[in-house]
Amino acid sequence: MSNYRRYRIPGGTYFFTVNLLERQSNDLLIRHIDLLREAVKQTRKRWPFHIDAWVVLPDHLHCVWTLPDGDEDNANRWRVIKQAFSKALPATEKRSAVRVARGERGIWQRRFWEHMILDEADYANHIDYCHINPLKHGLVKQVADWPYSTFHLYVARGLYPSNWSNDSDFLDVDEGWR
């Protein structure tokens, strides 16, 4: 069994990727966006965190959070969000024998990907990555067309122009994203 270690800094800022278990042709997250928003809202009431950026795609999401001073427990927050979202949905998904035996739903991948933000450049790159993701996945022709993103708040605050990323060379195959 793998021994997963997470880098924990109280009050730290983290980038996350969280995936549905079944990603192929699955739009569960945007189809039930209101349930996901409510799960996040309720979790933040009990275990606060600041949302720096967030984008929800059909089968996964990316976000950047900053935890309160002295708090390093992002794993519990994800557990509560995933659990609340899952409980709000009817139990119609396929489940493996292992998940049935453990009493688990078959909605989310068990783990999530986490990256500790190291400095201002790293922060800016991960905020941009969140916002560019719908374009990267071919879901829209311009970032402003994707409704499930904090990009619109960044535009309203004057941090991005509304046509940000419309430049055709923004996504370079060799560079990935910038």
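This is a predicted model: local features need pLDDT of at least 70, side-chain atom pairs count only at pLDDT 80 or more; totals for chains, interfaces and linings use all residues.

The protein has 6 helices and 4 strands. Read from the N terminus, the order of the elements is β-α-α-β-β-α-α-β-α-α. Of the 178 residues in the protein, 43% are buried. As for the contacts between residues at least 6 apart in sequence, 65% of them join residues at least 24 apart.

Let me turn to helix H2, which covers residues 33-46.

Which residues of H2 are buried? They are Ile 33, Leu 36, Ala 39, Val 40 and Thr 43. These residues lie on the same side of H2, because the arc they cover around the axis is only 125°. The packing partners of the buried residues of H2 are helix H1 (28-31), strand S2 (50-56), strand S3 (60-66) and helix H3 (74-88).

Two of those partners, S2 and S3, bring me to the strands. S2 and S3 run antiparallel and are joined by 6 bridges.

How many of the residues of S3 are buried? The count is 7 of 7. His 60, His 62, Val 64 and Thr 66 point one way from S3, while Leu 61, Cys 63 and Trp 65 point the other way, and all are buried. For S2, 5 of the 7 residues are buried, so this strand is largely enclosed by the rest of the structure.

I come now to the aromatic rings. The structure holds 17 aromatic pairs. One of them is formed by Phe 16 and Trp 65, with 4.8 Å from centre to centre and 55° between the planes, a tilted arrangement. This pair links distant parts of the chain, since Phe 16 belongs to strand S1 (residues 13-19) and Trp 65 to strand S3, 49 residues apart. Both Phe 16 and Trp 65 are buried.

A second pair is that of Trp 146 and Tyr 148. Their ring centres are 5.4 Å apart and their planes are at 80°, so this pair is edge-to-face. Trp 146 counts as buried because its relative accessibility is 7%, whereas Tyr 148, with a relative accessible area of 22%, is partly exposed.

Ring pairs also build a cluster, which links Tyr 14, Phe 16, Phe 49, Trp 54, Trp 65, Trp 78 and Phe 112. At Phe 49, the charged end of Arg 44 sits over the ring, 5.4 Å from its centre.

Two residues remain. Arg 77 lies in helix H3. Is Arg 77 buried or exposed? Its relative accessible area is 0%, so Arg 77 is buried. Leaving aside residues up to four places away in sequence, Arg 77 touches Thr 43, Trp 47, Pro 48, Phe 49, Trp 65, Leu 67, Pro 68 and Asp 71. Thr 43 is one of the buried residues of H2, and Phe 49 and Trp 65 are among the members of the ring cluster.

The other residue is Ser 25, in the loop between S1 and H1. The phi of Ser 25 is near 50°, a positive value in a residue other than glycine. Ser 25 counts as exposed because its relative accessibility is 76%.

That concludes my remarks, and I should be glad to take questions.

Conventions
Residues are numbered from 1 along each chain as its sequence is written. Side-chain values use heavy atoms; hydrogens and water are left out. Helices (H or I, at least four residues) and strands (E, at least two) are DSSP runs, numbered from the N terminus. The expected span of a helix is 1.5 Å times one less than its number of residues. Buried means under 20% relative accessible area, exposed over 50%, partly exposed in between (1.4 Å probe, protein chains only). The arc is that of the directions from the helix axis to the C-beta atoms. Contact means heavy atoms within 4.5 Å. Rings of Phe, Tyr and Trp (its six-membered ring) pair if their centres lie within 6.5 Å; planes under 30 degrees apart count as stacked, over 60 as edge-to-face and the rest as tilted. A charge sits over a ring if NZ of Lys or CZ of Arg is within 6 Å of the ring centre and within 35 degrees of the ring normal. Two strands pair if DSSP finds at least two bridges between them.
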